[in-house]
Amino acid sequence: HRWSGAVPEGRTVLAQLRTAHHGLLMNLSLCYLQERSTTFPPQPVRVLECCVDALLLEPGNVTALVRKGKALALLQMHAQAEVEFMRALQLEPTSGSARRELEAARVAAREKERCMIDQAVRDIVA
């Protein structure tokens, strides 16, 4: 709802500001997550900052947890990303995006581990 200057009955100005602040953080996190072009790649650190702040305001926000997980995955922090996706699924077991992102993080983690093992073997053989 747009700011009208009038405080809805039963809500304080502070509560209304917190809601607006949370919405702003979520919108920013989405903007930072999206790749506009090669000139404007995703900014996962900014996404993390927004999501951490949003989760302080609303700890059970599934969307913030999923976006935080996506940012962690972009930073190659797959185990931490899995934790966030699992938290989201605990809160909303039917979340398709959390389930898809969890599987993608698991696949990426296995691939990263496989690459590290391959590199270790090459180093030993060389």
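Buried means under 20% relative accessible area, exposed over 50%, and partly exposed in between (1.4 Å probe, protein chains only). The structure is a predicted model: local features need pLDDT of at least 70, side-chain atom pairs count only at pLDDT 80 or more, and totals for chains, interfaces and linings use all residues. Residues are numbered from 1 along each chain as its sequence is written, and side-chain values use heavy atoms, with hydrogens and water left out.

Ser-95 is buried, because its relative accessible area is 5%. Ser-95 sits in the loop between helix 4 (78–91) and helix 5 (96–125); helices (H or I, at least four residues) are DSSP runs, numbered from the N terminus. The Ser-95 side chain reaches the backbone nitrogen of Ala-98 at 3.2 Å. Residues up to four places away in sequence not counted, Ser-95 touches Val-62 and Leu-89 (contact: heavy atoms within 4.5 Å).

Helix 2 covers residues 44–57, 14 residues in total. From first C-alpha to last it reaches 20 Å, close to the 20 Å expected at 1.5 Å a residue (expected span: 1.5 Å times one less than the number of residues). Its buried residues are Pro-44, Val-47, Leu-48, Cys-50, Cys-51, Ala-54 and Leu-55. These buried residues pack against helix 1 (13–33) and helix 3 (62–74).

A search of the whole structure finds 0 disulfides (pairs of cysteine sulfur atoms within 2.5 Å). Cys-31 is in none; the nearest cysteine sulfur, that of Cys-50, is 9.1 Å away. Cys-31 counts as partly exposed because its relative accessibility is 41%. Cys-115 also counts as partly exposed, at 37% relative accessibility.

Terms used: Helices (H or I, at least four residues) and strands (E, at least two) are DSSP runs, numbered from the N terminus. A polar contact is a pair of N or O atoms within 3.5 Å; within protein, one must be able to donate a hydrogen and the other to accept it, and residues adjacent in sequence count only if both atoms are side-chain atoms.
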